[in-house]
Amino acid sequence: KYDQDDTPEEKALQYKEEGNHYFKLKLYKKATIAYTVGLQQKCEKPDINAVLMTNRAAAHFHLGNNRTALGDVTKAKELKPDHAKALHRGALCCVELKRFAEAVTWCDDFLRLNPEDKTVQQLR
């Protein structure tokens, strides 16, 4: 599965798929590890790293690690400011952390991209 000759991008994507597999099985701790290893592959594509950060944030969120999840989506947003999943997850984390003013900002950023989204409109 993991070939030494694979590029850092290919390795990062393989670990992302492994993390997604664990996530679907609700094995969130194993998912966070896979996503972390994916981030350690020195992939130079911001889009891939933003997805890995956002996915790891989702796993941390399900583990109740909301502060860690917020840190990950903040980094993902820096890498890819229009990454909708990161913006939505950031809003959810802020609500869980009772940081409501920040949650509104995350929602507003998301709604600039997806103005019709009812879920985030209600969250806001």
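Visitor: How many disulfides does a search of the whole structure find?

Guide: The general idea comes first. A disulfide is a covalent bond between the sulfur atoms of two cysteines. In this predicted model, the search finds zero. Take Cys94: the nearest cysteine sulfur belongs to Cys93, 6.9 Å away. The cut-off is 2.5 Å, so Cys94 is in no disulfide.

Visitor: Is Cys94 buried or exposed?

Guide: Buried means under 20% relative accessible area. Cys94 has 0% relative accessibility, so Cys94 counts as buried. Cys43 is buried too, at 8%.

Visitor: Where is Asn55 found, and which residues is Asn55 in contact with beyond its sequence neighbours?

Guide: Asn55 sits in helix α3, which spans residues 46-62. Set aside neighbours within four places in sequence, and its contacts are Lys16, Asn20 and Tyr35. Asn55 counts as buried because its relative accessibility is 15%, below the 20% limit.

Visitor: Which residues line the largest pocket?

Guide: Asn55 is one of them. The lining also includes Asn20 and Tyr35, both in contact with Asn55. Others among the lining residues are Phe23, His88, Arg89 and Phe110. The space in this pocket is about 230 Å³.

Visitor: Which helix supplies the largest share of that lining?

Guide: α5 does, with five residues. Helices α1 (8-24), α3 and α5 (84-96) each give at least two.

Conventions
Residues are numbered from 1 along each chain as its sequence is written. This is a predicted model: local features need pLDDT of at least 70, side-chain atom pairs count only at pLDDT 80 or more; totals for chains, interfaces and linings use all residues. Side-chain values use heavy atoms; hydrogens and water are left out. Buried means under 20% relative accessible area, exposed over 50%, partly exposed in between (1.4 Å probe, protein chains only). Helices (H or I, at least four residues) and strands (E, at least two) are DSSP runs, numbered from the N terminus. Contact means heavy atoms within 4.5 Å. On a 1 Å grid over the protein atoms alone, a cavity is a set of points where a 1.4 Å probe fits but cannot get out, and a pocket is an open set with protein on both sides within 12 Å along at least five of seven lines; lining residues have an atom within 4 Å of a point. Grid points are joined across faces, edges and corners, and a volume is the space filled by probe spheres set on the points.
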